[in-house]
Amino acid sequence: MFSKKTMVVTGAIVLIVLNGIVFSFNYIRKSSFQSPAVQTVLFFVGPLQDGISRTIEFAEDIWTHYFFLVATAKENDLLRRQLAEAGLQIHECREMALTNARLKQFVEFRSSTNFTMVAAEVVGKDPSPWYRTVIINKGKSDGLRNGLPVVVPEGIVGKVTGVSDGYAKVQLIIDRNSAVDALVQRTRARGINGGLNNTLCRFDYVLRKLDITVGDTVITSGFDGIFPKGLPIGGVTKVFRRNAGIFQEIEITPFVNFHKLEEVMIILNLPEIEMTGE
Amino acid sequence: MRYPVFLATTVFLVIVQTALVPELSDSYRLFDLIIPLAIYFSLFRPFLDGLPILLAAGIMMDMVSGAPIGIYLTAYLWLFVAFRQTRRWVRIKQSILFQIIVILGVLFENALFWIAISTQSGRFVFSPKAVQLVFFQILWTVIAAPILLMMFHAIFHAADRLGEGSMRENGKPKAP
């Protein structure tokens, strides 16, 4: 009925007219705010969009604050473990540094004397609070025998009183049964150093007439045949002279901290007894 | 099976009180942990269960301590024999009674040490520190005795059951 050409031209005109209408409506909408159609559509679509948007937000929230946090929690666990390991390593390093400092002192002490010494670690302590002995991890196989003196750089510790192949028992100078021949460094007053309680020593059989004051240093005399002469024992902290009696009562605080005793040295070559007197 | 378990428990207690406890607190020492063991054997176990173990415990403690040789051994044997007699008059099932008996044991052992020290030094040795020490030991006893009682019950009953089980197995006739 219509030629092809006519149909193309008509179609083009219809499209131009439609475009004109669309442009006109666009102009009307812009100039007269929302059209009722748009309002109707937004009335229905808006809440749905809002709902979807909130759901997505909620999902995102769950993802970021829960599922994502599972990974964060795992990471946190890992970091905590790494932190604990690092803390342990720091502790080990500090402990090594302290041990190193102690052993350095030991080496210096060893090289400053002519004694043949063997170092040992304290592995056990006396189960009774009334007696003071320690167990060390060196024994007969290391050349230890009963009566050998045990020392640290700060002063004397005690003597070996029992030995097995790999371990030895050391009676500390703060033990009540301990007795060390000693003298006051300043006045050369002689006496016997014995244990008093868990931390202190007493200096017995010191004549009243001898001059001893608080702060004096007490050293080994070398007369007991166990401890070499001149090793420090402790400082005088109390002097008491009764009205009667021939001796004075003296309290000594040892230079060695027996609560922190960890390593000791055992002198293997006993000194010759010097009977020259002071 | 029983004796190795008894012995292992004894060695464990000796190690704890000579190596572990002094590291934690050197000033206020724990009471002797073998005392509750001696009293447990005395009150709850047959005579032949307790005697060899307490002999071993006493010798072990005497060897590691600087105390006069035999003092621990005699202390444990005294406690073992003395409290065994109390079973005739008192039924000790409650931990409070066990606590009291262990406190008596601790006081008895400390008295033995005090006598030993006083006789050794030839003078009456008394100091506030010693009183403080005994006081702290009693406090520790109040805390630790019920726990030790439970521990001994659990370990030794398990050892008994194991022993019974193995005896039953050994007694079964073997399949041809």
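Predicted model: local features only at pLDDT ≥ 70, side-chain atom pairs only at ≥ 80, totals over all residues.
**Entry: the contact between the chains**

I looked up which residues make the contact, and I found 19 residues from chain B and 18 residues from chain A. On the side of chain B that touches chain A, the elements giving two or more residues are α1 (2–24), α3 (47–64), α5 (95–121) and α6 (128–171) of chain B. I then sorted the residues of that side of chain B by kind, and they divide into eight nonpolar, seven polar and four charged.

**Entry: A:Val256**

Where does A:Val256 have its place in chain A? I found A:Val256 in the loop between β11 (247–254) and β12 (263–267) of chain A. I noted A:Val256 as buried because it has 22 C-beta neighbours inside 10 Å, and the cut-off for buried is 20 or more. Once I left aside its neighbours within four places in sequence, the residues in contact with A:Val256 were A:Val152, A:Glu154, A:Gly155, A:Val157 and A:Leu261. I also looked up A:Pro153, which lies 103 residues from A:Val256 along the chain, and the C-alpha atoms of the two are separated by 8.7 Å.

**Entry: the largest nonpolar core**

I turned next to the largest nonpolar core, which holds 82 residues, and among the members that touch the most others I wrote down A:Val157, B:Ile34 and B:Ala38. Helix α2 (residues 34–44) of chain B gives the largest share of this core, eight residues. For B:Ala38 I listed its contacts, not counting residues up to four places away in sequence, and these are B:Leu54, B:Tyr76, B:Leu79 and B:Phe80.

Definitions and conventions
Residues numbered from 1 in each chain as written. Chains lettered and ligands numbered in written order. Contact = placed C-beta atoms within 7 Å. Helix = DSSP H or I, 4+ residues; strand = E, 2+ residues; numbered from the N terminus. Nonpolar A, V, L, I, M, F, W, Y, C, P; charged D, E, K, R; others polar. Buried ≥ 20, exposed ≤ 12 C-beta atoms within 10 Å, placed from the backbone. Core = buried A, V, L, I, M, F, W, Y, C linked by C-beta atoms within 7 Å.
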